[in-house]
Amino acid sequence: MKDWVVPLAVARSAPMPAGRRSAELMRHGSMTLRYYQPKGVDEQTPHDQDEIYIVVSGSGTVVYGPSEAALERRPFGPGEAIFVPAGHVHRFVDFSDDFATWVVFWGPAGGERPGG
């Protein structure tokens with residue numbers, strides 16, 4: 001683990017590794033905490049772990065579903081948490097310039113068993 005307390009100011013100034021869209025701030029076992037602040041377009045693809053986004057600032061719409069053919073759209077704003085199971089399609093659209101979020105990944109590849 002890099003540190004067990006990460007102030008928002010540190011997350012906002014964390015270096016972005018080449019080829020990554022978010023900065024890693026913590027790692028422990030299967031858990032990783034990252035800071036994500038897309039600019040213009042969110043080009044995410046499904047991840048192999050379950051994840052939770054905790055919106056720090058900004059607002060927009062999250063697009064989410066088990067496939068591109070079965071997507072839902074929901075508005076989001078500061079302080080809201082968004083859960084995305086492993087493998088689900090998701091991205092942020094129509095978001096404000098100040099949109100930023102903590103992202104927590106955890107669990108095995110393929111996600112945890114529901115109810116487990």
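Strand S4 (residues 60-65) has 5 of its 6 residues buried, so S4 is largely enclosed by the rest of the structure. Buried here means under 20% relative accessible area, with exposed over 50% and partly exposed in between, for a 1.4 Å probe and protein chains only. Strands are DSSP runs of E, at least two residues long, and are numbered from the N terminus. This is a predicted model, in which local features need pLDDT of at least 70, side-chain atom pairs count only at pLDDT 80 or more, and totals for chains, interfaces and linings use all residues. Residues are numbered from 1 along each chain as its sequence is written, and side-chain values use heavy atoms, leaving out hydrogens and water.

S4 pairs in the antiparallel sense with strand S5 (residues 72-76) over 5 bridges; two strands count as paired if DSSP finds at least two bridges between them. Within this pair, Tyr64 stands opposite Glu72 of S5. S4 and S5 make a hairpin, with 6 residues between them. S4 also runs antiparallel to strand S7 (residues 89-93), joined to it by 5 bridges. There, Gly65 has Val89 of S7 as its bridge partner.

An open sheet is formed by 5 strands with antiparallel pairing, in the order S1-S2-S8-S3-S6. At its edges stand strand S1 (22-28) and strand S6 (81-84), each with a single partner strand, so one side of each has no neighbour in the sheet. From one strand to the next the twist averages 20°, taken between lines fitted to C-alpha atoms, with angles from 0 to 180 degrees between N-to-C directions. S1 is paired antiparallel with strand S2 (residues 31-36) over 6 bridges, and Ala23 stands opposite Tyr35 in S2.

Notes: Helix = DSSP H or I, 4+ residues; strand = E, 2+ residues; numbered from the N terminus.
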